[in-house]
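Good morning, and thank you for coming. I shall present one protein chain today, and I ask you to keep its structure in view while I speak.

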Amino acid sequence: MSAENSLAPANYGELTAFEEKLFLSNDVDLERVRLVLQMRKDEAAHARALEAESIFRDCFSEARKSFKPVAIKGKNKSLDSEYAKLEDIQDAIDAALTERGFFYDWDIKTVGEELEVTCNLYHKDGHTKSR
């Protein structure tokens with residue numbers, strides 16, 4: 001059955017035997033057709049999300065190989081320790097991330113007397129990760 005004769009969008013691929021039988025039936029149940037088309041749409045979206053996540057992981061793995069060493073410039077006098085400042089971490093990773101299609105932003109909120117900072121890492125192909 002050609003895509004132009006089906007009720008399913010052409011980009012969803014070939015109809016299964018069940019779908020073809022359902023769509024060609026003389027007593028087509030439009031609600032069943034809608035359900036089948038929604039299932040196909042959901043399956044396609046899920047497949048795209050899995051592919052985007054796989055690309056994200058591959059690109060991030062490649063980006064990590066190009067991260068520069070992070071300078072330890074911060075000093076915590078209360079704990080007598082040193083730490084990497086956020087701007088130094090960004091300096092070490094930004095170029096490698098950008099070259100591989102990543103960008104990020106920050107969600108900052110106050111929780112009681114503490115500051116909660118979450119980094120959202122996005123890839124051009126659609127997958128996002130937050131921590």
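The largest nonpolar core has eight residues: Phe-56, Ala-63, Ala-92, Ile-93, Ala-96, Leu-97, Phe-102 and Leu-121. By a nonpolar core I mean a set of buried Ala, Val, Leu, Ile, Met, Phe, Trp, Tyr and Cys residues joined through side-chain atoms within 4.5 Å. Buried means under 20% relative accessible area, exposed means over 50%, and partly exposed lies in between, with a 1.4 Å probe and protein chains only. Helix 2 and helix 3 are the elements that give two or more residues to this core, and the largest share, four residues, comes from helix 3.

Before going further, I must state that this is a predicted model, in which local features need pLDDT of at least 70 and side-chain atom pairs count only at pLDDT 80 or more, while totals for chains, interfaces and linings use all residues. Residues are numbered from 1 along each chain as its sequence is written, and side-chain values use heavy atoms, with hydrogens and water left out. Helices (H or I, at least four residues) and strands (E, at least two) are DSSP runs, numbered from the N terminus.

Which residues does Phe-56 contact, leaving aside its neighbours within four places in sequence? They are Phe-102, Leu-121, His-123, His-127 and Lys-129, where contact means heavy atoms within 4.5 Å. There is also a second, separate core of six residues, including Leu-15, Leu-22, Val-36 and Leu-37.

Three strands form an open sheet in the order 3-4-5, with antiparallel pairing; two strands pair if DSSP finds at least two bridges between them. Strand 3 (102-111) and strand 5 (128-130) are the edge strands, each pairing on one side only. Strand 3 is joined to strand 4 (residues 114-123) by ten bridges, and Tyr-104 stands opposite Leu-121 in strand 4. Helix 2 lies across strand 3, strand 4 and strand 5, at about 100 degrees to strand 4. Such angles run from 0 to 180 degrees between N-to-C directions, with axes fitted to C-alpha atoms, for helices over the stretch in contact.

Finally, consider helix 1 (residues 17-24), where Glu-19, Leu-22 and Phe-23 are buried. Seen down the axis of helix 1, the buried residues fall within an arc of 90 degrees, so they line one face of the helix; the arc is that of the directions from the helix axis to the C-beta atoms. These buried residues pack against helix 2 (30-64). On the other side of helix 1, Ala-17, Lys-21 and Leu-24 are exposed.
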